[in-house]
Amino acid sequence: QVQLVESGGGLVQAGGSLRLSCAASGSIFSINAMGWYRQAPGKQRELVATLASDGTTNSADSVKGRFTISRDNTKNMVYLQMNSLKPEDTAVYYCNARLRIDIKPTWYIYWGQGTQVTVSS
């Protein structure tokens, strides 16, 4: 069994910063990519940023220059440093991982339970 647990969400004023953390644990053989998605009320879940094991990043245009994704591969953790937050960043943020649970070449996608980020104007 694999678990992803997020932390670091909360309430912050516009222009402020937050740092989200996500720890992956359980039967993990290897992790290909980890990332963050978000879902605002009444909207679909959307990509925020992902970081692959080879260093390749992918991020939404709306967060470029403000959010930074990083990983600690030794701890199976991913972080999202969010600066210059805006009210439109308000959403539930979900951690995501693409990983293998054993030597078989099968990749699985796992999600965390989400952490609320609220940015007040």
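Q: Which residue's side chain meets that of Asp61 in a salt bridge?
A: This is a predicted model, in which local features need pLDDT of at least 70 and side-chain atom pairs count only at pLDDT 80 or more, while totals for chains, interfaces and linings use all residues. Residues are numbered from 1 along each chain as its sequence is written, and side-chain values use heavy atoms, with hydrogens and water left out. A salt bridge means a side-chain nitrogen of Lys or Arg within 4 Å of a carboxyl oxygen of Asp or Glu. At 3.2 Å, N to O, the partner of Asp61 is Lys64.

Q: Does Asp61 count as buried or exposed?
A: Under 20% relative accessible area is buried, over 50% is exposed, and in between is partly exposed (1.4 Å probe, protein chains only). Asp61 comes out at 64%, so it counts as exposed.

Q: How many salt bridges does the structure hold?
A: Besides Asp61 with Lys64, Arg38 takes Glu46 at 2.7 Å, N to O. Arg38 also bridges to Asp89, with the closest N and O atoms 3.0 Å apart. Arg38, Glu46, Arg66 and Asp89 are linked in a network. The total for the structure is four.

Q: How many residues apart in sequence are the parts that Arg38 and Asp89 tie together?
A: Strands are DSSP runs of E, at least two residues long, numbered from the N terminus. Both Arg38 and Asp89 are buried, whereas Glu46 is partly exposed at 37%. Arg38 lies in strand 4 and Asp89 in the loop between strand 8 and strand 9 (91-100), so the parts tied together are apart in sequence by 51 residues.

Q: What is the relative accessible area of Arg66?
A: Arg66 is in the loop between strand 6 (57-59) and strand 7. Contact is heavy atoms within 4.5 Å, and leaving out residues up to four places away in sequence, Arg66 touches Gln81, Met82, Asn83, Ser84, Leu85, Lys86 and Asp89. It is buried, and its value is 10%.

Q: What is the strand order in the open sheet of four strands?
A: Two strands pair if DSSP finds at least two bridges between them. Strand 1 (2-7) and strand 7 (67-72) each pair on one side only, as the edge strands. The sheet, with its antiparallel pairing, has the order 1-3-8-7.

Q: Why is the pair of Tyr37 and Trp111 called what it is?
A: Rings of Phe, Tyr and Trp (its six-membered ring) pair if their centres lie within 6.5 Å; planes under 30 degrees apart are stacked, over 60 edge-to-face, and the rest tilted. The structure holds one such pair. Its centres are 5.1 Å apart and its planes at 70 degrees, so Tyr37 and Trp111 are edge-to-face.

Q: Over the ring of which residue does the charged end of Arg45 sit?
A: A charge sits over a ring if NZ of Lys or CZ of Arg is within 6 Å of the ring centre and within 35 degrees of the ring normal. Arg100 lies over the face of Trp107 at 5.6 Å from the ring centre. For Arg45, at 3.7 Å from the centre, the ring is that of Tyr94.
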